[in-house]
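Subject: Structure handover

Hello,

Here is the structure for you to take over. My notes on it follow below.

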Amino acid sequence: MSKTDPTGTRQALSYASYLALDELLDAQRPRSDEHDELLFIVIHQVYELWFKQLLHETRYLQENLEAGRTAHATRTLRRILTVLKVVVEQIDVLETMTPSQFSSFRARLDASSGFQSAQFRELEAVLGRRDERVLTHYPEDSAQRKRIVDAMSRPSLFDSFLTYLAESGYSLPRRADVTRPVEPSPDLQAVLLKVYRDDGGQSVVAEHMVDLDEGMQEWRYRHVKMVERTIGDKTGTGGSSGATYLRSTLFRPMFPDLWAVRSQL
């Protein structure tokens, strides 16, 4: 592959130009001379790249589920789960930073906060979260806010999973309003029990959905423990409630019906 430079000369595509390495490696701009600030920036930029990939994969997963493609959906779920494990494991790297090392540059962050990650909020919405309070971090006319609102307005991943089961021949209640959070449904749980007892490809997909839910809960747990060991119960960056808020998000499943049936199998 090649490209044309401003003089019209064709140039071979290189590793650096294909990956836009000049732009990528110039995107780390510490605001202090503290040694550990670069690690903090790199880790969070890598998070954003993985969130971008997870959004890309979940869109593809929804397409495959709604088309009834079990094998493709299963492979895509496995990739999502593997990426999510990497995202969780990156916390180990961040935890090599001591509280005093973080404090050495923390004041330079001003009002910036991980709560402002629009991609993570969009990912939560794709997975089924419906909480308009998260929109307060984004101006009303911003592209970031629009992406989150759009994701909250579309069928979630769980809705696509229900479509997949219907395409597979299971008769089940449809959610009347996809803009509302998923609420446990005894009628749906009865169908899920049949899916598991049939022990086909649909039950494999269902188990991977549980894996995904568990993985997100693991991410939240590791995240809150990292915040606790780094800043304790101090106010978070950007004025957030820090660990106090993060603890309130723990152990809240995204797909409650898939957990409810465990005791009945």
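The chain exposes about 14,700 Å², and carbon and sulfur atoms supply 52% of that area. Please keep in mind that this is a predicted model. Of the 265 residues in the chain, 44% count as buried.

**Overall layout**

There are 12 helices and 2 strands. Starting at the N terminus, the order of elements is β-β-α-α-α-α-α-α-α-α-α-α-α-α. Take the contacts with a separation of 6 or more: residues 24 or more positions apart account for 68% of them.

**Around α1**

Helix α1 covers residues 15-18, and Y18 is part of it. Y18 is exposed, because its relative accessible area is 60% and the cut-off for that class is over 50%. Y15, Y18 and L19 make a nonpolar surface patch of about 400 Å².

A20 sits in the loop between α1 and α2 (21-25). Its phi is positive, near 50 degrees, in a residue other than glycine. A20 counts as partly exposed, at 28% relative accessibility.

**Helix α3**

Helix α3 runs over residues 37-66 and includes T58. Its 30 residues should span 44 Å at 1.5 Å a residue. The end C-alpha atoms of α3 are 44 Å apart, so the geometry agrees. Just after α3 comes G68, with a positive phi of about 75 degrees.

T58 has a relative accessible area of 2%, so T58 is buried. What does T58 touch, leaving aside its neighbours within four places in sequence? The contacts of T58 are I80, L123 and V126. T58 and I80 are 22 residues apart along the chain, and their C-alpha atoms are separated by 7.6 Å.

**Annotated positions**

The UniProt record, an unreviewed entry, has a "binding site" annotation that covers F40, I41, V42, I43, H44, R106 and T237. H223 is also listed in UniProt for "binding site", again from an unreviewed entry.

I went through three of these positions:

- I41 is in helix α3. At 16% relative accessibility, I41 counts as buried, because that class is under 20%. Leaving aside its neighbours within four places in sequence, I41 is in contact with Q28, R29 and P30.
- H44 also lies in helix α3. H44 counts as partly exposed, at 30% relative accessibility.
- H223 is found in helix α10, which covers residues 201-231. H223 counts as partly exposed, with 24% relative accessibility.

**Helix α9**

Helix α9 covers residues 186-198, which makes 13 residues. At 1.5 Å a residue they should span 18 Å. The end C-alpha atoms are 19 Å apart, which agrees.

Which residues of α9 are buried? They are L188, Q189, V191, L192, L193, V195 and Y196. An α-helix has 3.6 residues a turn, so residues three or four places apart point the same way. The buried residues of α9 pack against α8 (157-167), α10 and α12 (256-260).

**From α9 into α10**

D199 follows α9. D199 is placed in the loop between α9 and α10. The phi of D199 is near 55 degrees, a positive value in a residue other than glycine. How accessible is D199: buried or exposed? D199 is exposed, with a relative accessible area of 61%.

Helix α10 has 31 residues, which should span 45 Å at 1.5 Å a residue. Just after α10, G232 takes a positive phi of about 65 degrees.

**Points to carry forward**

For backbone checks, the positive phi values to look up are those of A20, G68, D199 and G232. For accessibility, compare buried I41 with partly exposed H44 and partly exposed H223.

Best regards

Technical notes: Residues are numbered from 1 along each chain as its sequence is written. This is a predicted model: local features need pLDDT of at least 70, side-chain atom pairs count only at pLDDT 80 or more; totals for chains, interfaces and linings use all residues. Side-chain values use heavy atoms; hydrogens and water are left out. Patches are made of residues with over 30% relative accessible area and no salt bridge: like charges are joined within 9 Å, nonpolar side chains (Val, Leu, Ile, Met, Phe, Trp, Tyr) within 5 Å. Accessible areas come from the Shrake-Rupley method with a 1.4 Å probe; for residues, only the protein chains shown count as cover. A salt bridge is a side-chain nitrogen of Lys or Arg within 4 Å of a carboxyl oxygen of Asp or Glu. Helices (H or I, at least four residues) and strands (E, at least two) are DSSP runs, numbered from the N terminus. Buried means under 20% relative accessible area, exposed over 50%, partly exposed in between (1.4 Å probe, protein chains only). UniProt positions are given in the numbering used here, feature names are shortened, and annotations may be inferred rather than shown by experiment. The expected span of a helix is 1.5 Å times one less than its number of residues. Contact means heavy atoms within 4.5 Å.
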